[in-house]
Every structure is written in C-alpha cells, then in structure tokens.
Amino acid sequence: MFRRMRVLAGALVALAAALVLAAPAPAAVSTAGTVVHRNARTHSFVVASASGRLTKVRSRHAVRVGRTVHVTGHRLRDGSVASSRVRVGAHHRSARLRGTVTFVNRRAHRFTVSSAAGSISVRGARSAAVRAASDDLPPVGQQVVVTITVSPGGVLEEDEVDELGMDQEVEIEGIVQAVDPAAHTVTVTASDDGESGGTVTVGFPATFDLSGITVGNEIEIKAIRQPDGTFVLSKLETENENELADEADNNDDNQPGADNGDNGDNGDDNGSNGDGGGGGDD
C-alpha cells in the first residue's frame, strides 16, 4: 500500500515538473530604430522607428540618446519590451516621434509628445522663421509626427511638425507631484523623467479612491481631453514599475553577443553614418 502511494506521489511530482517545462516561453519580439529618450527611474529607453512609432524598452543598458539599436526580447504586461539582447549602432542626429501633444509651455518654448511608450519633452523650433511657419507650437490634444534633431546632451529639438488631427483620449506618463482629495485631482510631471519643467493635472471621478496614489511614484494615465483643455481620467495604469523592472531583469540581458552598456561612445560620433530618421521597423 505504502509502495503504491510513493509511486503515485512520484508520478504526480513528475507530472508537475513536466507541466512546468511544457509552459510556453514568452514569444520573442524585436524592434529597431533610434533611441530618442531614456528614463533612469524605470531603467528604460524609447526607440523610434523610421515612421516615428515609439516603443519602450526595459533594460539595464545605458544607451545614449541618438544611438541606433536593434533590440530582441519579449513583451511585458504593459506593452513594453524586456530586452534580452541590445545591439548598439551608429549615432543619428535626426529622428521622428509620433504621438499626441499633452503639454505646451510657450514661454519656455517646450512641448510634450505622449504615447504608450511614455511622455517625451521636445524643445520648440529654434529659428524665428521656422516658428512663424509652424504657427509657434502645436496645441494640446494634437496628434503629431515631429521631426527632431538630437542636440549634444540628448535634448530633442523640433525641426518640423506634421499635425494629423485632434485626439480626444490621450496617454500621459509622469511622476506624481500632488494629490488633492478635495478637488479630486492628481498632478504629474509633464514628461515621465521630470525634465519638462511643467506639470499636468488630471481630474478623477469622485468615487475613485485616491489613497493608493503616492507622491513620487510614476503612473500611466489615460485621460479624456475636455473642451476647456483640461483632462479627466478614463483609465489608470496600476502596474508596479519595480515589479516590471524585476520581470525585465529576469531576462538574460548579458548573453554572449549582447552590447552591454553604451559601447562605442568614446569619441561619440566618429565613424557615424547617416542622419536619417531611425532606419528601423515601421
């Protein structure tokens, strides 16, 4: 009797192990283009394809803005890519960003382009002729494709803006600066790295419990733009950034052949080829 029980227990353990081994591995994905943004807080950077499509990549690699990359990895719950291999290429001085304008500071001549990949600060056109031709800065809510130049220091400077039409629902990613229970609003930085120097305030439904939102945390918000230009919450992304970073770190980011770190940045632009708009996936 006892022998039969031991055999049955052994069979169950073997079956459980087989089921674990048989679990499907995450499907491999890849993306390529120019790095247009990086966020040290979330150990991530954003890759722009030739058409301006933006993809957030989670990686410990400190790839410099303006570098071309080819990333292989798998998709995480929030739609970002956890890298398993990052190949770093030449430096590009030009790229495109596609998204929706969620913040404008005309005095500082800056605006923010937001998408599912993050909220990225852009410096407005430098020349008076370009500013006049583009009617200064695009309005909040405008869908745009922005052609930018990567200046020394990684600042993105607008060269040209193609306006595609107004967008009612926008995605905003930022660091929580204030929570006002009385007004039922949450204020976040206008860019996800806090470099924009501005903030965006979003109204929350009166029934929403704000106690789970903490100043200093980074959150992703989907909001509806109101006729007066304000925003009202439509969805709050509650993914824990630390958990996502840990999940990304479980990838073998140091496998043979991976370009760990920002290889080739000594003598940054020596031998760089091409100033095109990313040369990656569309």
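Which residue in E2 is the bridge partner of His-37? In this predicted model, the partner of His-37 is Val-46.

Residues are numbered from 1 along each chain as its sequence is written. Because the model is predicted, local features need pLDDT of at least 70 and side-chain atom pairs count only at pLDDT 80 or more, whereas totals for chains, interfaces and linings use all residues; side-chain values use heavy atoms, with hydrogens and water left out.

The chain contains three helices and 15 strands, where helices (H or I, at least four residues) and strands (E, at least two) are DSSP runs numbered from the N terminus. Of its 282 residues, 45% count as buried; buried denotes under 20% relative accessible area, exposed over 50%, and partly exposed the range in between (1.4 Å probe, protein chains only). The accessible surface of the chain comes to about 14,000 Å², and 51% of this surface belongs to carbon and sulfur atoms. Among contacts (heavy atoms within 4.5 Å) between residues at least 6 apart in sequence, 62% join residues at least 24 apart.

Five strands close into a barrel in the order E1-E2-E3-E5-E4, with mixed pairing. The twist from one strand to the next averages 45°; axes are lines fitted to C-alpha atoms, for helices over the stretch in contact, and angles run from 0 to 180 degrees between N-to-C directions. Two strands are taken to pair if DSSP finds at least two bridges between them. Strand E1 (residues 28-39) runs antiparallel to strand E4 (residues 67-75), to which seven bridges join E1, and Val-29 stands opposite Gly-73 in E4. E1 is also antiparallel to E2, with five bridges joining the two strands. Four residues lie between the strands in the hairpin of E1 and E2, where His-43 adopts a positive phi near 50°.

Strand E2 (residues 44-48) in turn pairs with strand E3 (residues 54-58) in the antiparallel sense over five bridges. Within this pairing, Phe-45 is placed opposite Val-57 in E3. The hairpin of E2 and E3 has five residues between the strands, and Gly-52 there takes a positive phi near 105°. The pairing of E3 with strand E5 (residues 81-91), by contrast, is in the parallel sense and extends over two bridges; Arg-58 stands opposite Ala-82 in E5.

The cover of E3 was examined by residue. Five of the five residues of E3 are buried. In a regular strand the side chains alternate between the two faces of the sheet. Both faces of E3 are covered, with Leu-54, Lys-56 and Arg-58 buried on one side and Thr-55 and Val-57 buried on the other.

Two further strand residues were considered. Ser-114 lies in strand E7 (residues 110-115) and counts as buried because its relative accessibility is 4%. Not counting residues up to four places away in sequence, Ser-114 touches Gly-99, Thr-100, Thr-102, Ser-119 and Glu-171. The C-alpha atoms of Ser-114 and Thr-102 are 6.4 Å apart in space, although the two residues are 12 residues apart in sequence. A polar atom of the Ser-114 side chain lies 3.5 Å from the backbone oxygen of Glu-171.

Gln-142 is located in strand E9 (residues 142-150) and, at 7% relative accessibility, is likewise classed as buried. With neighbours within four places in sequence left aside, Gln-142 is in contact with Gly-99, Thr-100, Val-101, Glu-163, Leu-164, Gly-165 and Met-166.

One aromatic pair is present in the structure. The rings of Phe-204 and Phe-208 have their centres 5.0 Å apart and their planes at 75°, so the pair is edge-to-face. Rings of Phe, Tyr and Trp (its six-membered ring) pair if their centres lie within 6.5 Å, and planes under 30 degrees apart count as stacked, over 60 as edge-to-face and the rest as tilted. Phe-204 is buried, at 6% relative accessibility, whereas Phe-208 is partly exposed, with a relative accessible area of 27%.

Terms used:
Polar contact = N/O pair within 3.5 Å; in protein donor to acceptor, adjacent residues only side chain to side chain. Areas by Shrake-Rupley, 256 points an atom, 1.4 Å probe, with all protein chains shown as cover.
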